[in-house]
Amino acid sequence: MSDIDELQRRITAAMDKIADTVGAMEANSGEDTAALKSALEDEKLANAQLNERVRKLSEQQDSAISEAKATAHAAEARTAALDLELQRLRQANDQLRQSNDALRAANEAGVGEPHLINKAMMAELEALRAARAVDIAEASSIIGALGPLLDPASIEPSVNEDDAHA
């Protein structure tokens with residue numbers, strides 16, 4: 001019988017030890033769950049922040065694309081205006097050549113016709129106006145292309161303020 005009492009005591013001690021271990025595991029499990037919940041909340045917050053950054057970057061990209069399209073359309077308009085002025089200049093120079101040829105022929109024939117002189121002068125004036133319009137269109141095109149490059153807001157300082165004071 002003493003063996004039975006000894007075995008019962010040992011079984012009771014083992015059961016108590018098991019109960020203590022299970023209790024400790026449940027306590028640790030609660031702490032682990034709390035830690036996991038906290039980590040999950042942190043990850044959710046980080047994910048929300050990343051989603052917000054992606055949304056902002058997408059908006060900035062859309063804005064930059066629309067600005068680039070507007071700039072491209074403006075450049076196309078300036079190029080079209082320049083092309084129109086160049087065509088006008090070519091026509092004026094053709095008229096000037098024809099008038100000068102007619103005036104030269106009249107002078108060679110010894111017939112000085114005032115209307116040919118007037119016509120040549122008008123053609124020359126038109127050619128000068130057309131050349132000036134081409135110059136203005138070219139300058140406008142160049143200014144339009146250089147404008148965004150020279151915009152003070154888009155120019156980043158090349159020297160750090162910390163470096164400047166050093």
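**Salt bridges and confidence**

Tutor: Start with Glu126, which has a relative accessibility of 23% and counts as partly exposed. Keep in mind that this is a predicted model.

Student: Which residue forms a salt bridge with Glu126?

Tutor: Look for a side-chain nitrogen of Lys or Arg within 4 Å of a carboxyl oxygen. The closest N and O atoms of the pair are 3.0 Å apart. The partner of Glu126 is Arg88.

Student: How many residues apart in sequence are the parts that Arg88 and Glu126 tie together?

Tutor: Arg88 lies in helix α1. Glu126 lies in helix α2, residues 114-150. The pair therefore ties together parts of the chain whose separation in sequence is 38 residues.

Student: Is Glu85 buried or exposed?

Tutor: Glu85 forms a salt bridge with Arg88, with the closest N and O atoms 3.3 Å apart. Both lie in helix α1, three residues apart, about one turn of the helix. Arg88 is partly exposed, at 30% relative accessible area. Glu85 has 17% relative accessibility, and the cut-off is under 20%, so Glu85 counts as buried.

Student: What separates Arg55 and Glu59 along helix α1?

Tutor: These two form a salt bridge, the closest N and O atoms being 2.4 Å apart. They are four residues apart in helix α1. The separation is therefore about one helical turn.

Student: Which residues do salt bridges with shared partners join into one network?

Tutor: The structure holds five salt bridges. One of them pairs Arg55 with Glu59. The network consists of Glu52, Arg55 and Glu59.

Student: Where in the protein chain is confidence lowest?

Tutor: The mean pLDDT of the chain is 78, and 85% of its residues reach 70 or more. Confidence is highest in helix α1, residues 2-108, at 82. At the other end of the range, with a mean of 43, is helix α3, residues 161-165.

Technical notes. Residues are numbered from 1 along each chain as its sequence is written. This is a predicted model: local features need pLDDT of at least 70, side-chain atom pairs count only at pLDDT 80 or more; totals for chains, interfaces and linings use all residues. Side-chain values use heavy atoms; hydrogens and water are left out. pLDDT is the predictor's confidence in each residue, from 0 to 100. Helices (H or I, at least four residues) and strands (E, at least two) are DSSP runs, numbered from the N terminus. Buried means under 20% relative accessible area, exposed over 50%, partly exposed in between (1.4 Å probe, protein chains only).
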